[in-house]
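Subject: Handing over the model

Hi,

The structure you will be working with is below. Please open it beside this note, then read on for what was found.

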Amino acid sequence: MLVQEKVDFSSHDLNDDCPLTTERCPHGFEVGHRDLELCLKRFFSHLRSLCEHEDFAKPQTRWTVYHEPMRHVVWGTAGHIDHGKTTLVKALTGTDCDRLPEERERGITIDLGFAQLSEDEIQLHFVDVPGHERLVHTMIAGASGIDLALLVVAADEGVMPQTREHLDVIRLMGVPGGAVALTKIDLMDDDLVELVTEEIRELLAPTAFAGVPVVPVSGQTGTGISELRRVLVKQAGGIRPRQVEGRPFREPVDRVFSLTGAGTVVTGTSLWGKLEVGSDVRIFPHDTTARVRRLHVHGDERGVVEAGERVAINLAGLSRETVSRGDQIIAPGPWEVTQLVTVGLELLATAPGPLDEGDEIEVHALAARVSARVDRLSARPLAPGSRATAQISLRQPMLLFPGDRLVLRRPSPVNTFAGGRVLDAHLRRWRRRDSAALVRLPDVQKNAWPELLSSWIDRQGLAGLTVLAMAGRLGVFEGAIEAPLGRLLEERVIEALSTEPPTFVMTGRIADLAVEAGEELQRRLAGQEVSAGIPARDFVGQLLPRSALPLAEFFLEELRGRGTLELSEGRVVPPGKESHMTAAGEALTRKVEALYRNAGFDAPSPAEAADHLQARLATVEGICRYLTQRHRLVRLDGRFLIHRAVMDDMARQVRAWEVDDFAVGDFKGRFDLTRKLAIPALEWLDSERVTVRHGNRRKIIRRKG
Ligand SMILES: Nc1nc2c(ncn2[C@@H]2O[C@H](COP(=O)(O)OP(=O)(O)O)[C@@H](O)[C@H]2O)c(=O)[nH]1
Ligand SMILES: [Mg+2]
C-alpha cells in the first residue's frame with residue numbers, strides 16, 4: 001500500500017554499483033538514503049537470496065523496490081518547571097535529556113534535550129525544553145521547530161505561570177495541536193485528578209488545542225505511559241509532512257559543539273528539504289559557506305537527511321566560533337537577510353497593555369532572538385487581543401521567509417505578549433500615512449502564491465522581477481514557482497520581457513506605458529512637418545523610472561510589438577511608418593532634395609535653401625536632418641551638405657580614373673573643388689573604401705575582376 005516512491009535500479013551496473021550497503025551485499029552496493037535503507041533492511045533476507053540468484057548477478061537486471069518513506073514528526077514538551085517533562089521523555093524513549101552535569105546535579109533542565117522513538121512507519125523526535133521562567137527564550141528556541149506540543153501539567157500543582165506562557169508560545173508559533181500529559185497522578189486522588197483535568201480543558205478551550213487528548217500518567221509508576229505513546233503516534237499520523245521538494249534544506253541551529261578530530265558540529269530540527277554528505281551549505285546571518293562532512297540523526301551516521309529530522313551536521317572548514325545558536329544552515333540559493341520584516345501580528349488578550357509604533361521588543365524567530373522595534377502598525381495603538389499588520393525593525397539581520405513564525409516578548413518585565421507570521425521579509429519601509437494599506441497584503445499560503453507573486457511584481461513597477469529574485473524572497477527553488485507564474489502568464493496578469501533570464505512585469509503596467517508612449521510620441525512630433533523620429537534611448541529613457549532603465553531596449557521591443565511605435569534606424573517613429581511627415585512636409589522634402597541634387601558640390605546651406613524655397617528655417621533644418629539620417633544627404637566635415645547621388649557619382653568617376661594614385665591637388669582640379677571641400681570629400685572616399693591614403697597621396701582601390 002501507499003507506494004510513494006519507485007526506485008528503479010535499471011541504470012545501475014550491478015557489478016560495481018549495487019544499491020545495498022557494503023556490509024550487506026556481496027556486490028558492494030552503497031546506499032545513502034535512510035528510507036531506502038530501512039526498506040531494504042526489511043527485505044534483507046529476501047534480497048540476499050536474490051543476490052545469490054544468477055539473474056540478479058547479471059548486469060542490467062531490472063528490478064524495482066517499492067517503499068513507503070519514513071515519516072518524521074517532532075514533538076516538543078511544554079509546561080511549568082518540575083511538572084515531569086524530562087521524566088516523561090525518558091519514560092517514553094529511554095533517553096535522559098538532562099545530560100549536562102549541572103542539570104543532573106540540580107535536577108532541572110537548563111538546555112534543550114533531544115530524544116527519539118521509532119513506531120512502525122513513523123519516527124517521533126522529541127525536543128525537551130526547560131520550564132524555568134528565566135529560560136523561556138530557550139524554550140522558544142526549542143519549540144520553533146516542532147510539529148506538535150506535549151503540554152505537561154502536574155496533577156499536584158495544576159495550571160501554573162509557565163503552563164500558560166508555554167501554551168501562548170506554541171499557540172503563537174502556529175503549532176497546530178498536540179496532547180496533554182497530566183503527570184504525577186500517583187500523588188493524587190482520582191477526584192483531584194478529575195478537577196485538574198477540568199482546569200486544563202478550560203485553559204485550552206479558546207485555543208487550537210481545545211479537545212486534544214488529556215492523558216493521566218505517572219512517570220514514577222509507569223501508569224498511562226503506553227496509552228500516552230499510543231496517543232502521540234496517533235496525533236503524529238495526522239501531521240502534514242514538511243516540504244522536501246522545491247525547498248532548500250534549512251535548519252535553525254540550536255546547539256553547537258566541537259568534537260576532537262571532527263571539528264564543528266551543529267544540531268537542529270530540519271525545517272525543509274534534503275541534505276547530502278559532501279554538499280555545500282551556507283550559514284546565515286553571516287553568510288559563510290561550509291561543506292557537510294558527516295550527518296548524524298540520533299547517533300546514526302547518514303548519507304542523506306530530510307526535513308523533520310533531528311540532524312547533527314559536521315561542517316568542514318568552519319571554526320566553532322563562527323556559528324552559534326540561532327544561526328541557520330541552508331542550501332545555497334539567492335537568499336538574503338533582512339532587518340525589516342513585515343508580519344501579521346496577534347497581541348495576546350493577556351498582554352499587559354497596548355502595542356504602539358516605537359515600542360522596543362524582543363523578537364524570537366526559529367532558534368534566534370534579537371532586539372527590535374515596532375516601526376509601523378496598520379492599526380495603532382493595538383489593543384490586547386487584537387490583530388494587525390506590522391513592520392518590525394530588527395537590530396541584527398535575520399534570514400526570514402514568508403510563513404516563518406515570530407514570538408514577541410517585552411524586555412522588562414520579560415513576558416511573551418504577541419506573535420506574528422512573516423508576510424514579507426523584503427518589503428520596503430511603509431510611509432507612516434500608508435500604514436493602513438499594510439492590512440491588504442496577500443496571504444503567504446502556497447495556494448495564494450499567484451496572488452503573492454503578482455503583488456511583488458506589481459510593487460516593482462516597470463523594473464519587474466526575475467524568477468530568481470522571487471524564489472529567493474519566498475525561500476524556494478526556482479522550479480517551485482514555475483506553475484504559479486505560468487498561471488499568471490496564461491491569465492495575462494503578467495508579461496515576460498525577453499531578458500535573459502526573463503523579467504516579469506504586470507501587463508497593466510506595460511499597457512499604461514504604451515498609452516503614455518503613444519501620447520509622448522504625438523507630443524514630441526507635434527508641430528514638426530518632417531522628422532526622422534526621436535532617438536529611441538532618449539525616448540524611453542524619459543518614460544521609464546530609473547530602476548527600469550536597464551530594460552529600456554526590451555520595453556522598446558515590447559512597445560513595437562504592441563504597435564505603439566515603430567523603430568527605424570535607432571529612432572522612434574509613429575507606428576507603420578519609417579518617419580514622421582505631414583503632407584506639406586512631404587512636398588517640401590521633395591523640393592529640398594531636388595535642390596541639393598541639382599546643386600552638386602555647389603550646395604546651399606539650410607538657411608540658403610530655406611530662403612530659396614521660402615520655407616521656415618527650422619523645418620528645412622529638420623528635413624536636412626531627416627535626409628541625412630536616411631542617407632540621402634551626406635554631411636561633410638560636419639557642415640557641407642551634399643546629395644548622396646552627387647557623392648556616388650564622384651566615387652564612380654574616381655574608380656574610372658586612369659591613374660593608380662593621385663595627390664590632393666590632382667583631385668581638386670579633377671572635380672573643381674575648393675580645398676575646404678576636397679579634404680572631407682577624400683575622407684569620405686576613404687571611408688567608403690574607394691580610396692586609401694598613402695602619405696600625401698590616395699591610391700584607388702579597384703575591385704578585382
Ligand atoms: N511522584 C512523581 N514524581 C514525578 C513524576 N514525574 C516526575 N516526577 C519528579 O518530579 C521532579 C521533576 O521532574 P522533571 O521531569 O525533571 O520535571 P521537568 O522540570 O518538567 O522536566 C523529579 O524529581 C521527578 O522525579 C510522577 O509522575 N510522579
Ligand atoms: Mg526538565
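Start with a pair of helices. Helix α16 (residues 583–599) packs with helix α17 (residues 606–613) at an angle of about 120°. Their axes lie 11 Å apart. Axes here are lines fitted to C-alpha atoms, for helices over the stretch in contact, and angles run from 0 to 180 degrees between N-to-C directions. Helices (H or I, at least four residues) and strands (E, at least two) are DSSP runs, numbered from the N terminus. The crossing of α16 and α17 is right-handed. As to that term, a crossing is right-handed if the near helix is turned clockwise from the far one by less than a right angle, and left-handed if anticlockwise.

Which residues meet there? From α16 come K591, V592 and L595, and from α17 come A609, H612 and L613. A contact needs C-beta atoms, placed from the backbone, within 7 Å. By class, the contact of α16 with α17 has four nonpolar residues, one polar and one charged. Ala, Val, Leu, Ile, Met, Phe, Trp, Tyr, Cys and Pro count as nonpolar; Asp, Glu, Lys and Arg are charged; the others, Gly among them, are polar.

Two notes on conventions. Residues are numbered from 1 along each chain as its sequence is written, while chains are lettered from A and ligands numbered from 1 in the order in which they are written. This is a predicted model: local features need pLDDT of at least 70, side-chain atom pairs count only at pLDDT 80 or more, and totals for chains, interfaces and linings use all residues.

Now the whole chain. The protein chain holds 21 helices and 37 strands. Of its 705 residues, 41% are buried. Buried means 20 or more other C-beta atoms within 10 Å of the residue's own; exposed means 12 or fewer, and partly exposed lies in between, with C-beta atoms placed from the backbone. Take contacts between residues at least 6 apart in sequence: 67% of them join residues at least 24 apart.

Next, the barrel. Six strands close into it, in the order β19-β22-β21-β20-β23-β24. The pairing is antiparallel. Two strands pair if DSSP finds at least two bridges between them. From one strand to the next, the twist averages 45°. Helix α7 (residues 161–172) packs on this sheet and touches β19 (338–347), β23 and β24. The direction of α7 makes about 5° with that of β24.

Some barrel pairings in detail:

- Eight bridges join β19 to strand β22 (residues 387–398), and the two run antiparallel. E346 stands opposite R387 in β22.
- β19 also pairs with β24, in the antiparallel sense, over six bridges. V343 has V422 in β24 as its bridge partner.
- Strand β23 (residues 405–410) pairs with strand β24 (residues 415–424) over six bridges, again antiparallel. R410 is bridged to N415 in β24.

There is an open sheet too. Its three strands have the order β35-β37-β36, with antiparallel pairing. β35 (661–663) and β36 (691–694) are the edge strands, each pairing on one side only. The twist averages 30° from one strand to the next. β35 and strand β37 (residues 697–700) share three bridges. In β37, K699 is the bridge partner of D661.

On to the ligand. How many residues surround ligand 1? The shell has 19, and the closest are G84, K85, T86, T87 and G219. A residue belongs if its C-beta atom, placed from the backbone, lies within 6 Å of the ligand. By class, the shell has four nonpolar, 11 polar and four charged residues. Helix α4 (residues 85–93) gives the most to it, with three residues.

That helix deserves a look. Eight of the nine residues of α4 are buried, so α4 is largely enclosed by the rest of the structure. Among the buried ones are K85, T86, T87 and L88. The buried residues of α4 pack against β3 (71–78), β4 (113–119), β5 (122–128), β6 (148–154), β7 (178–183) and α9 (225–237). Just after α4, G94 takes a positive phi of about 85°.

Last, P216. P216 sits in strand β8 (residues 214–216). Why is P216 called buried? Because 21 other C-beta atoms lie within 10 Å. Leaving out residues up to four places away in sequence, P216 touches L182, I185, V193 and G224. D186 is 30 residues from P216 along the chain, and their C-alpha atoms are 9.7 Å apart.

Best wishes

Notes:
Two residues are in contact if their C-beta atoms, placed from the backbone, lie within 7 Å.
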